[in-house]
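Good morning, and thank you for the time.

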Amino acid sequence: MKKRNFIICIGLFLIIGIGTALLFNVEDMDQYTEIGRPPKIDPDYINTVIPPNIAPMNFIIKEPGTRYYVRISSSNGKEIRISSNNGKIIIPKKKWTKLLNANQGEEIYYQIYVKDEGKWHRYQTFSNRIAKEDIDSYLVYRLIDPMFVQSKIMGIYQRDVTSFHEKAILQTRALNACYNCHSFCNKKPDKMMMHIRGSSKAAGTIIIQNGTIKKVNTTTEFNKNPGAYRSWHPSGKVIAFSVNIVRQFFHAVGYTQEGYDKMSDIILYKIDSNMVTTCPAIASPRFMETYPEWSPDGRYLYYCRAPQPDSSSLFEEMYNKIMYDLMRISYDIETDSWGKPEIVLSHKKTGLSVTQPRISPDGKYLACAMTKWGTFAIHRPGGDIYLLNLRTGEFYKADVNSDRPESYNSWSSNSRWLVFSSKMRDNVCTRPYFTYIDDKGKAHKPFILPQKDPTFYDTFIITYNVPELVDGPIQVSGQEIIKTALADGNKQKAVLDPKIDVDALTNATMKVEKEANYIFQ
């Protein structure tokens with residue numbers, strides 16, 4: 001028996017050895033023609049900065065040929081060699097991880113050979129730089145049909161960006177409802193909220209804290225609609241919500257989809273006391289306030305603000321004239337007291353409408369989307385990602401934009417990586433792209449979320465929506481969320497802060513625009 005097992009092992013080693021020899025048989029590769037340009041590859045993983053913990057960045061060589069051979073190397077460790085008959089380059093994960101870990105801060109080089117019509121061609125070597133800083137290990141997003149009017153394909157998913165493992169947290173068929181606005185406190189997956197929208201029994205705001213789940217109805221006699229866009233205070237005690245009435249319509253020609261706010265205000269939800277509060281400065285009927293975002297120290301609430309249109313006007317005739325400023329207001333969580341609104345960026349200065357602000361955890365930069373009008377940058381080609389230096393007031397278009405829409409963004413925990421939404425690939429489906437932000441605020445060439453099959457995005461006609469970086473997997477199961485959403489008595493009705501005079505707030509005529517000073521001159 002031992003002799004037989006030994007013979008079988010020898011046979012397997014011979015088979016593996018012969019297969020490896022055939023795989024890397026480069027019999028006449030020493031005779032090749034130099035091609036004076038890099039090869040065309042898809043996705044475009046050329047001359048960018050990549051995280052040292054990213055999944056293998058597989059690609060397909062878009063050059064005609066019958067054989068393809070790739071060498072991937074860096075300063076330290078063994079080079080990776082890959083042979084292919086169809087141009088798909090699938091990089092072994094263990095070898096890739098080992099090579100990246102051994103060369104943080106170094107260049108990684110790709111040397112590509114293609115055999116066509118019996119002759120080998122060597123393309124110009126290209127490289128990427130391996131950053132020293134990791135990216136957060138998980139990306140949470142919503143998958144939805146590109147038009148998302150009534151989607152039967154919708155769900156909240158999490159993806160391990162260090163591998164190709166994706167897991168559904170909640171899908172449409174589970175509750176037959178719309179899921180949106182998932183958010184995390186300080187990039188921690190154990191403090192999460194999401195909204196289940198609609199009139200079904202499951203509707204409400206789901207809040208997850210350290211393994212416990214509760215469902216809240218944030219509507220009160222002041223805010224008749226539930227909280228939508230949101231931001232956790234870094235203390236984890238308060239969530240700022242915008243309360244929006246959103247409308248959408250479709251043009252017959254051109255860039256067809258359009259969305260706008262008919263009204264919006266900002267409220268705070270205090271988790272422990274189950275209380276909603278606000279103040280006239282951020283809930284005035286004279287303005288539409290939306291997209292709240294806390295500063296990392298919790299001392300300021302940033303938001304976007306535009307004048308409330310005259311209700312006698314036909315809104316569809318003026319939606320493309322509404323411009324939002326970037327504002328902030330101080331807040332003391334201990335005394336529950338507010339300061340006065342300040343203008344951070346005015347549309348009069350930028351010539352653009354500011355939307356979806358997100359501040360880096362180190363407090364140095366604010367990333368936002370700017371567009372020609374309104375707050376839905378993803379609906380028009382003029383939507384781009386901008387960066388604002390919060391120390392100097394300098395704002396500039398990031399070097400990540402295309403001639404197609406760029407929109408929603410999320411920072412990594414170490415403030416070195418930014419994920420944003422873009423239609424740059426096909427102008428139909430939004431995809432998550434990553435960019436490295438160096439210590440001088442420069443955004444480097446973006447790259448798309450890697451997939452195991454490099455042709456994945458050619459056939460996956462679904463949109464990635466609201467990409468959020470978090471530093472670990474969500475541990476609460478979808479079944480637990482469903483149970484909480486459906487159970488009778490689980491939904492807590494928020495109470496309105498007794499200090500608020502609803503009539504006075506509703507009829508407020510504060511000229512807050514005259515009280516607002518520029519924080520940057």
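Let me begin with arginine 425 and aspartate 458, whose side chains meet in a salt bridge at 2.9 Å, N to O. By salt bridge I mean a side-chain nitrogen of Lys or Arg within 4 Å of a carboxyl oxygen of Asp or Glu. This pair links distant parts of the chain, 33 residues apart: arginine 425 is in the loop between β32 and β33 (431-436), and aspartate 458 is in helix α5. Helices (H or I, at least four residues) and strands (E, at least two) are DSSP runs, numbered from the N terminus. Arginine 425 is partly exposed, with a relative accessible area of 24%, and aspartate 458 is also partly exposed, at 43%. On this scale, buried means under 20% relative accessible area, exposed means over 50%, and partly exposed lies in between, with a 1.4 Å probe and protein chains only.

Before going further, please note that this is a predicted model, in which local features need pLDDT of at least 70 and side-chain atom pairs count only at pLDDT 80 or more, while totals for chains, interfaces and linings use all residues. Residues are numbered from 1 along each chain as its sequence is written, and side-chain values use heavy atoms, with hydrogens and water left out.

The salt-bridge count comes to 19. Another of them joins aspartate 453 to lysine 88, with the closest N and O atoms 3.2 Å apart. Aspartate 453 lies in the loop between β34 (447-448) and α5 (456-459), and lysine 88 in strand β7 (residues 88-89), so this pair ties together parts that are 365 residues apart in sequence.

A further salt bridge, at 3.6 Å from N to O, brings together arginine 416 and glutamate 133. Because arginine 416 lies in the loop between β31 and β32, and glutamate 133 in the loop between β10 (126-130) and β11 (138-144), the pair ties together parts 283 residues apart in sequence. Is arginine 416 buried or exposed? At 16% relative accessibility, arginine 416 counts as buried, whereas glutamate 133 is partly exposed at 24%.

Strand β31 (residues 406-411) has 6 of its 6 residues buried. It runs antiparallel to strand β32 (residues 417-422), and 4 bridges join the two; strands pair if DSSP finds at least two bridges between them. Tryptophan 411 has leucine 418 as its bridge partner in β32. Between the strands are 5 residues, and there serine 415 takes a positive phi near 65°.

Tryptophan 411 is also one of the residues in contact with arginine 358, as are Tyr408, Asn409 and Ser410; contact means heavy atoms within 4.5 Å. Arginine 358 belongs to strand β27 (residues 353-359) and is buried, with a relative accessible area of 16%.

Finally, the whole chain. It contains 8 helices and 38 strands, and 55% of its 521 residues count as buried. Among contacts between residues at least 6 apart in sequence, 59% join residues at least 24 apart. The structure holds 0 disulfides, a disulfide being a pair of cysteine sulfur atoms within 2.5 Å. Of the cysteines, I mention cysteine 279, buried at 9% relative accessibility, and cysteine 429, buried at 1%. Thank you.

Key
Lists of a residue's contacts leave out its neighbours within four places in sequence.
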